[in-house]
Amino acid sequence: VTAPLKVAVTGAAGQIGYSLLFRIASGAIAGDRPVELRLLEIEPALKALEGVVMELDDCAFPNLAGIEIGHEPEKIFDGVNLALLVGARPRGPGMERGDLLSANGAIFTAQGKALNAVAADDVRIGVTGNPANTNALIALKNAPDIPSERFSALTRLDHNRAISQLAAKTGAAVTDIKKVTIWGNHSATQYPDLFHAEIGGKNAAEVVGDQAWVEDYFIPTVAKRGAAIIDARGSSSAASAASATCDAARDWLNGSPAGDWVSMAVVSDGSYGVPEGLVSSFPVTTSGGNWEIVQGLEIDDFSRARIDASTAELAEERDAVTELGLI
Ligand code: NAI
């Protein structure tokens with residue numbers, strides 16, 4: 001009998017949580033392996049979370065082996081194999097960037113320390129809560145006993161958005177589109193790169209054959225999709241963020257598909273000129289719970305400038321949280 005995969009989710013009573021928990025419980029990450037959910041919320045949200053747990057119970061998911069909820073990270077993270085850090089402090093009215101970074105800094109320093117103290121030896125940590133890359137950096141710096149390769153920030157939603165835009169433009173099926181890359185920060189400076197992507201085995205940029213579309217439509221549409229969804233829906237993307245969170249965790253634990261790669265923000269080893277130590281999105285392949293940055297891609301001037309702009313923003317965020325004493 002396989003032991004259940006213990007999965008912690010923070011911000012579990014939030015919008016993303018309301019999609020994510022049901023996907024995890026129905027096998028989107030672990031397949032047929034049972035899962036045990038460990039749900040972290042702030043105290044005032046625990047009552048709402050109890051309601052969500054009632055609904056999870058009412059689904060009678062065959063592979064949901066148990067649910068625990070609470071507001072103390074040291075209790076909830078105890079023995080977890082996977083921690084999905086979704087809960088974060090959104091930017092409120094009149095809040096400066098520094099205020100946002102310090103509010104989230106407090107959350108991710110505490111959660112990093114708690115994971116360091118009590119998570120399972122094989123823990124993997126995926127950060128969805130924004131600013132995701134820098135929150136992941138704060139958490140990993142506060143978890144010195146956990147290898148920094150175990151932390152990653154979510155750019156899979158951007159990756160999936162890029163595939164969807166390419167499919168709509170070319171009429172190809174999403175399954176025919178491979179090797180899309182998101183570089184840099186999960187922010188409007190991100191660089192969605194289709195120059196190495198393939199559609200039905202052919203170079204995507206050549207299939208599209210429309211550089212103006214790439215520059216004036218594709219890149220800004222993917223990079224600003226979050227804002228477009230807020231405009232249309234009145235609240236930020238939640239179900240798609242939950243779906244991408246599952247995709248990322250599933251591929252991390254079980255391996256990325258052969259002949260393809262995925263985008264993940266991981267700690268840079270200096271590959272592609274991205275300053276070492278920044279948590280930046282790269283093309284990666286995964287296997288057995290480990291990732292490797294795809295090497296040897298040619299980066300032309302167009303891509304170089306965009307990767308550099310996004311990683312410069314990441315360096316600024318790192319400098320700001322260093323100044324705040326968070327890392
Ligand atoms: P939400 O505001 O609906 O839910 C967040 C939840 O986190 C709330 O229930 C809140 O009580 C909880 N929370 C706050 N501090 C906490 C703490 N210290 N411990 C545990 N829980 C805590 O927000 P939503 O829509 O679910 O989004 C969550 C985060 O995901 C946001 O930061 C959002 O910007 C980010 N996001 C990231 C995406 C990505 O692609 N990386 C895409 C979409 C959203």
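Me: Where is Pro-131 found?

Reply: Pro-131 is found in the loop between strand 5 and helix 5. Helices (H or I, at least four residues) and strands (E, at least two) are DSSP runs, numbered from the N terminus. The model is a predicted one: local features need pLDDT of at least 70, side-chain atom pairs count only at pLDDT 80 or more, and totals for chains, interfaces and linings use all residues. Residue numbers start from 1 along each chain as its sequence is written.

Me: What is the omega of the peptide bond from Asn-130 to Pro-131?

Reply: Omega is near -10 degrees, and the bond is cis.

Me: What makes Ala-60 worth a look?

Reply: Ala-60 has a positive phi of about 50 degrees, although it is not a glycine. Ala-60 lies in the loop between helix 2 and strand 3 (64-70).

Me: Why are helix 1 and helix 2 called roughly parallel?

Reply: Two packed helices are described by the angle between their axes and the distance between the axes. Axes are lines fitted to C-alpha atoms, for helices over the stretch in contact, and angles run from 0 to 180 degrees between N-to-C directions. The axes of helix 1 (residues 15-25) and helix 2 (residues 46-59) cross at roughly 30 degrees and come within 11 Å. Angles under 35 degrees count as roughly parallel, over 145 as roughly antiparallel, 65 to 115 as roughly perpendicular and the rest as oblique. Helix 1 and helix 2 are therefore roughly parallel. Tyr-18, Leu-21, Phe-22 and Ala-25 of helix 1 make the contact with Val-52, Leu-56 and Cys-59 of helix 2. (Contact puts C-beta atoms, placed from the backbone, within 7 Å.)

Me: Why is helix 4 called oblique to helix 5?

Reply: Helix 4 (residues 97-118) packs on helix 5 at an angle of about 40 degrees, with the axes 7 Å apart. That makes helix 4 oblique to helix 5.

Me: What about helix 1 and helix 10?

Reply: Their axes come within 8 Å and cross at roughly 40 degrees; helix 10 spans residues 239-254. Helix 1 and helix 10 are therefore oblique to each other. Among the contact residues are Ile-16 and Leu-20 of helix 1 and Ala-242 and Cys-246 of helix 10. By class, this contact has 7 nonpolar, 3 polar and 1 charged residues. (Ala, Val, Leu, Ile, Met, Phe, Trp, Tyr, Cys and Pro count as nonpolar, Asp, Glu, Lys and Arg as charged, and the others, Gly among them, as polar.)

Me: How is the protein chain divided into domains?

Reply: Domain 1 covers 5-153 and domain 2 covers 156-317. These bounds come from an automatic or database domain assignment. The two centres, taken over C-alpha atoms, are 23 Å apart. In the contact, 26 residues of domain 1 meet 24 residues of domain 2. Helix 1 and helix 5 are among the elements that each supply at least two residues of the domain 1 side. That side has 14 nonpolar, 8 polar and 4 charged residues.

Me: Which residues come nearest to the ligand?

Reply: Gly-11, Gly-14, Ile-16, Gly-87 and Ala-88 come nearest, out of 28 residues around the ligand. (A residue is near a molecule or strand if its C-beta atom, placed from the backbone, lies within 6 Å of it.) Helix 1 gives the largest share of the shell, 3 residues. The shell draws at least three residues from each of domain 1 and domain 2. It has 14 nonpolar, 12 polar and 2 charged residues.

Technical notes
Contact = placed C-beta atoms within 7 Å.
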